[in-house]
Amino acid sequence: MLNNPEILDHGTKVFTAPGATFGSDALLLARFALPKPRQRAVDLCSGCGIVALVWHDEGHRGPCTAVELDPDASALCAAAVGENGADHIRPLCADLRDFCRAGPEQGWYDFAACNPPYFAAGPRSPDPVRAAARHTDSCTL
């Protein structure tokens, strides 16, 4: 079930749900690492699509792929893309380890950002989806 949408500065809607939300680190990343308006961009570990959607909200209209492992989070991104008419963003539910190794888009992007899991140790959430999103057990930079 979708929570109420978050509305970004210029009206772009971002959908979240329990287990697929975003924090201030993702907003800071998106605003710090902003592609030029027509660059081909990729948002790795996109979650609900917050980085790609902030880029859209800030005027990016080049092709953008939002790669996310969790199907529920990727579906939230797809719903927001449809709601915002942001057809230049392509939500892709895939494992970035496979996405980055091969495929027709390898070497195609001008710009990349990644909001990866960043804890190697420490307390873990009992929720496996939340734990995977925050710990580097399956993938590191």
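The legends below describe close-up views of a predicted model.

**View 1**
Aspartate 57 belongs to helix H2, which covers residues 50–57. This residue is buried and yet takes part in no salt bridge. The nearest side chain of opposite charge is that of arginine 31, at 5.3 Å, and a salt bridge requires the nitrogen and oxygen atoms to be within 4 Å. The side chain of aspartate 57 does make a polar contact with the side chain of threonine 12, at 2.8 Å. Apart from neighbours within four places in sequence, aspartate 57 is in contact with Leu8, Asp9, His10, Gly11 and Thr12.

**View 2. The largest nonpolar core.**
In soluble globular proteins, nonpolar side chains tend to be buried together. The largest nonpolar core of this model has 28 residues, of which Ile50, Val51, Trp55 and Ile89 touch the most other members. At least two residues of this core come from each of helix H1 (24–32), H2, strand S4 (64–68), helix H3 (71–84) and strand S6 (111–114). The greatest contribution is that of H2, with six residues. Valine 51 touches Ala26, Leu29, Ala30, Asp43 and Ala113, when residues up to four places away in sequence are not counted. A second, separate core consists of six residues, including Val42, Leu96, Phe99 and Tyr109.

**View 3. Aromatic pairs.**
A pair of aromatic rings is described by the distance of the centres and the angle of the planes. The structure holds three aromatic pairs. In one of them, the ring centres of tryptophan 55 and phenylalanine 111 are 5.7 Å apart and the planes meet at 75°, so the arrangement is edge-to-face. Because tryptophan 55 lies in helix H2 and phenylalanine 111 in strand S6, this pair ties together parts that are 56 residues apart in sequence. Both tryptophan 55 and phenylalanine 111 are buried. Tryptophan 108 and tyrosine 109 also form an edge-to-face pair, with 5.1 Å between centres and 85° between planes. Tryptophan 108 is partly exposed, at 32% relative accessible area, whereas tyrosine 109 counts as buried, at 19%. Phe99, Trp108 and Tyr109 form one aromatic cluster.

**View 4. Glutamate 68 in strand S4.**
Glutamate 68 lies in strand S4. Its relative accessible area is 12%, and the residue is therefore buried. A polar atom of the glutamate 68 side chain lies 2.6 Å from the backbone nitrogen of glycine 47. Beyond neighbours within four places in sequence, the contacts of glutamate 68 include Cys45, Ser46, Ala73, Leu92 and Cys93.

**View 5. The salt bridges.**
Side chains of opposite charge can pair when their charged atoms come close. The structure holds three salt bridges. Arginine 31 pairs with aspartate 9, with the closest N and O atoms 3.2 Å apart. Arginine 31 is in helix H1, and aspartate 9 is in the loop between strand S1 (6–7) and strand S2 (13–14), 22 residues apart. Aspartate 9 counts as exposed, at 59% relative accessibility, whereas arginine 31 is partly exposed, at 38%. Glutamate 83 and lysine 13 form a salt bridge at 3.1 Å, N to O. This pair links helix H3 with strand S2, 70 residues apart. Aspartate 110 and arginine 40 likewise meet in a salt bridge at 3.1 Å, N to O. Aspartate 110 is partly exposed, at 41% relative accessible area, and arginine 40 is also partly exposed, at 30%.

Technical notes. Residues are numbered from 1 along each chain as its sequence is written. This is a predicted model: local features need pLDDT of at least 70, side-chain atom pairs count only at pLDDT 80 or more; totals for chains, interfaces and linings use all residues. Side-chain values use heavy atoms; hydrogens and water are left out. Helices (H or I, at least four residues) and strands (E, at least two) are DSSP runs, numbered from the N terminus. Buried means under 20% relative accessible area, exposed over 50%, partly exposed in between (1.4 Å probe, protein chains only). Lys and Arg count as positive and Asp and Glu as negative; His and the chain ends are not counted. A polar contact is a pair of N or O atoms within 3.5 Å; within protein, one must be able to donate a hydrogen and the other to accept it, and residues adjacent in sequence count only if both atoms are side-chain atoms. Contact means heavy atoms within 4.5 Å. A nonpolar core is a set of buried Ala, Val, Leu, Ile, Met, Phe, Trp, Tyr and Cys residues joined through side-chain atoms within 4.5 Å. Rings of Phe, Tyr and Trp (its six-membered ring) pair if their centres lie within 6.5 Å; planes under 30 degrees apart count as stacked, over 60 as edge-to-face and the rest as tilted.
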